[in-house]
Every structure is written in C-alpha cells, then in structure tokens.
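Biologist: Could you walk me through a few features of this model? I would like to learn how to read them.

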Amino acid sequence: MVPKLVGLALAAFLVGGNAWAAGQDSPNVTVADIERHLALKDYAGAIEQAQIIVDASHWNADAFNLMGFALRHLARFGEAEKAYARVLRLNPDHAGAHEYLGELYIQTGHIDQARAQLNKLEAICGKECREYKMLADAIAAAGG
C-alpha cells in the first residue's frame with residue numbers, strides 16, 4: 001500500500017508542474033536568474049532570487065554561494081559569511097565559496113584568513129585555477 005501512495009503522491013507532484021530534481025534550481029527560479037541580477041549589480045534582486053531557490057532546496061550550494069556574493073556586495077558581511085559556511089558544509093571543496101570567503105576576509109581586514117582560503121584553494125584546484133588566481137590577485141592588491 002505504501003508504494004502505491006508514494007507513486008500517487010509523486011504523480012500528483014509531477015502533474016502539478018513542479019517537478020525538479022534534488023539539488024537543482026527551484027521550479028520557478030534558476031541559478032542563471034541570480035546571475036542575471038548579479039551582472040546588473042542588482043544585489044537585492046539576486047538575494048531575492050537565491051532565497052527562492054534555497055527555500056525550495058536547502059542543498060543548493062551554488063545558490064547559497066551567489067547569495068553570499070550578493071550579501072557581501074551589500075556589506076552584509078555576517079550574513080554573507082553564514083551563506084559561505086553553508087556552501088562549505090554542503091561541498092567543502094567548492095572553489096567559488098573559498099574564493100568569495102577569502103574576498104570577504106580581505107574586505108573585513110582579515111588578510112591571514114584570506115590567505116588560509118588561498119591555501120585551501122591551492123589544495124583543491126592548484127595555483128592555475130581561476131578562483132586561486134582571483135583570490136591571489138585580491139590579496140596582493142590589498143597589500144597582503
């Protein structure tokens with residue numbers, strides 16, 4: 001009886017037009033929607049779009065990462081740091097989150113913590129990956 005109920009529930013879910021796979025975007029918003037807002041420097045809009053995804057799928061590391069990026073650009077550093085922490089709990093090797101967290105540390109005057117993120121990036125993707133280079137450049141520009 002239970003499998004039949006599960007099948008009926010799944011069918012109702014799929015017919016309702018809300019089918020989406022675990023870890024994917026929400027039914028109405030995609031990571032690309034967040035990125036469009038970020039490209040326009042509409043950080044508040046990006047946060048709204050990211051919130052829709054993370055409310056629907058608490059395991060979407062990319063949505064949390066972009067939310068952190070937008071929060072950081074609005075100088076909401078504590079909230080941004082929490083978003084990055086969530087990303088790194090979901091995916092400890094998320095290079096983008098390590099880069100962005102390092103940039104947050106630079107912005108808040110914690111160069112040593114930024115360097116620690118750089119070291120993690122080196123271990124994850126090497127000195128030639130884009131995230132490593134971006135954070136290394138940001139540290140150098142900050143005088144670190």
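Modeller: A crossing is called left-handed if the near helix is turned anticlockwise from the far one by less than a right angle, and right-handed if clockwise. Helices here are DSSP runs of H or I with at least four residues, numbered from the N terminus. In this structure, H3 crosses H4 in the left-handed sense. Please keep in mind that this is a predicted model, where local features need pLDDT of at least 70, side-chain atom pairs count only at pLDDT 80 or more, and totals for chains, interfaces and linings use all residues. Residues are numbered from 1 along each chain as its sequence is written, and side-chain values use heavy atoms, with hydrogens and water left out.

Biologist: At what angle do H3 and H4 pack?

Modeller: Axes are lines fitted to C-alpha atoms, for helices over the stretch in contact, and angles run from 0 to 180 degrees between N-to-C directions. For H3 and H4 the angle is about 155 degrees, and the axes lie 9 Å apart. Angles over 145 degrees count as roughly antiparallel, so H3 and H4 are roughly antiparallel to each other.

Biologist: Which residues of H3 and H4 meet?

Modeller: Contact means heavy atoms within 4.5 Å. On the H3 side, Tyr43, Ile47 and Val54 are among them, and H4 brings residues including Phe64, Met67 and Leu71. The residues of this contact divide into 12 nonpolar, two polar and no charged. Here Ala, Val, Leu, Ile, Met, Phe, Trp, Tyr, Cys and Pro count as nonpolar, Asp, Glu, Lys and Arg as charged, and the others, Gly among them, as polar.

Biologist: Is glutamate 103 buried or exposed?

Modeller: Buried means under 20% relative accessible area, exposed over 50%, and partly exposed in between (1.4 Å probe, protein chains only). Glutamate 103, in helix H6 (residues 95-107), is buried because its relative accessibility is 14%. Glutamate 99 is also in helix H6, and at 1% relative accessibility it counts as buried.

Biologist: With which side chain does glutamate 103 make a polar contact?

Modeller: A polar contact is a pair of N or O atoms within 3.5 Å; within protein, one must be able to donate a hydrogen and the other to accept it, and residues adjacent in sequence count only if both atoms are side-chain atoms. The partner of glutamate 103 is the side chain of arginine 72, at 3.1 Å.

Biologist: And where is lysine 41?

Modeller: Lysine 41 sits in the loop between helix H2 (31-39) and helix H3 (43-56). Though not a glycine, lysine 41 has a positive phi of about 60 degrees.

Definitions and conventions: Helices (H or I, at least four residues) and strands (E, at least two) are DSSP runs, numbered from the N terminus. Angles under 35 degrees count as roughly parallel, over 145 as roughly antiparallel, 65 to 115 as roughly perpendicular and the rest as oblique.
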